[in-house]
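Colleague: I am new to this structure and would like to learn how to read its contacts and its rings. Could we begin with the general idea each time and then turn to the case at hand?

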Amino acid sequence: MTTQGPRPAIDSTRPHPARVYDYLLGGKDHYLVDEEVARRMPQEAQAAARQNRAFMRRAMAFVAGYGVDQFLDIGTGIPTEPNLHQVVQGIAPASRVVYVDNDPIVLRHAEALLVSTEQGATDYIEADVRKPQVILGRARELLDFARPVCVSLVALMHFIRDEEDPYGIVRGFVDALPSGSWLVLTHGTFDFVPVHALDPGHEPRRMAPYTDHITATARSRDAVLRFFDGLELVEPGLVAAVQWRNDDAAPPQPSGMFAGVARVP
Ligand SMILES: C[S@@+](CC[C@H](N)C(=O)[O-])C[C@H]1O[C@@H](n2cnc3c(N)ncnc32)[C@H](O)[C@@H]1O
């Protein structure tokens, strides 16, 4: 496991995205402050979280099915079974997976992320997506960037504000990838939510006006599509997470997340 500096303490007095998401998924690794934030979110947030997590598993199985065996998962979250490495190593046991998150609670759970197959390998890096070069530098210790790598940014980029250059950050990762690599990305949106269902205090693009500690920006379909500039989105393109290659006979209503999978030409 690769970490930098002293181990940061867990702050249970402020909500954190990883723990709010854990609450939405029905997990147990959160505090009251996180639950309070989640309860103030639009009702569809729980469905959005579950649909997002299910998409992650379908998308990773899809990419592994293309013969990709190297994965860089940024904004990993608190583990829920099966995790990304369990999905892809179930298809290609020699797959190597590097997980990245900046929340100390995810680091605490890293053991669950590091139980790899014997043929494969997993690693955990505590780092911030806003530093692509730092992440890439350390990911290179496990992954070979001369061969295709799948970068996943699942339910992460809405935490990056416009002024922090979200598109430049994603470009920083994509530019490091050889042809035949993949980008898997989901992003929060209000496009599926009727305006009357939102918290009356909401601002049009602010996803989490529920706390001063977590800011998230809802982006429209066009704004999310920009993350895939120069890449080849596979069918069905950028759609609600629940609609992406979902074989369920009667999938539920789309909730709050756009999802896309694209190949690097
Ligand atoms: C909503 S969870 C998504 C978890 C997982 N990717 C999934 O979709 O099931 C978002 C995760 O991104 C992490 N995160 C938020 N901002 C981050 C940043 N600047 N750098 C790295 N990770 C970040 C949070 O700690 C959290 O674990």
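Modeller: A polar contact is a pair of N or O atoms within 3.5 Å; within protein, one must be able to donate a hydrogen and the other to accept it, and residues adjacent in sequence count only if both atoms are side-chain atoms. Here the side chain of arginine 219 makes such a contact with the side chain of aspartate 162, at 2.8 Å. This is a predicted model, in which local features need pLDDT of at least 70 and side-chain atom pairs count only at pLDDT 80 or more, while totals for chains, interfaces and linings use all residues. Residues are numbered from 1 along each chain as its sequence is written, and side-chain values use heavy atoms, with hydrogens and water left out.

Colleague: Is arginine 219 buried or exposed?

Modeller: Buried means under 20% relative accessible area, exposed over 50%, and partly exposed in between, with a 1.4 Å probe and protein chains only. Arginine 219 has 1% relative accessibility and therefore counts as buried.

Colleague: How many aromatic pairs are there?

Modeller: Rings of Phe, Tyr and Trp (its six-membered ring) pair if their centres lie within 6.5 Å; planes under 30 degrees apart count as stacked, over 60 as edge-to-face and the rest as tilted. By this rule there are seven aromatic pairs. Among them, phenylalanine 62 and tryptophan 182 are edge-to-face, with 5.8 Å between centres and 90° between the planes. Tryptophan 182 is buried at 2% relative accessible area. Tyrosine 66 and tryptophan 182 form a tilted pair, at 5.0 Å and 55°, although tyrosine 66 counts as exposed at 52% relative accessibility.
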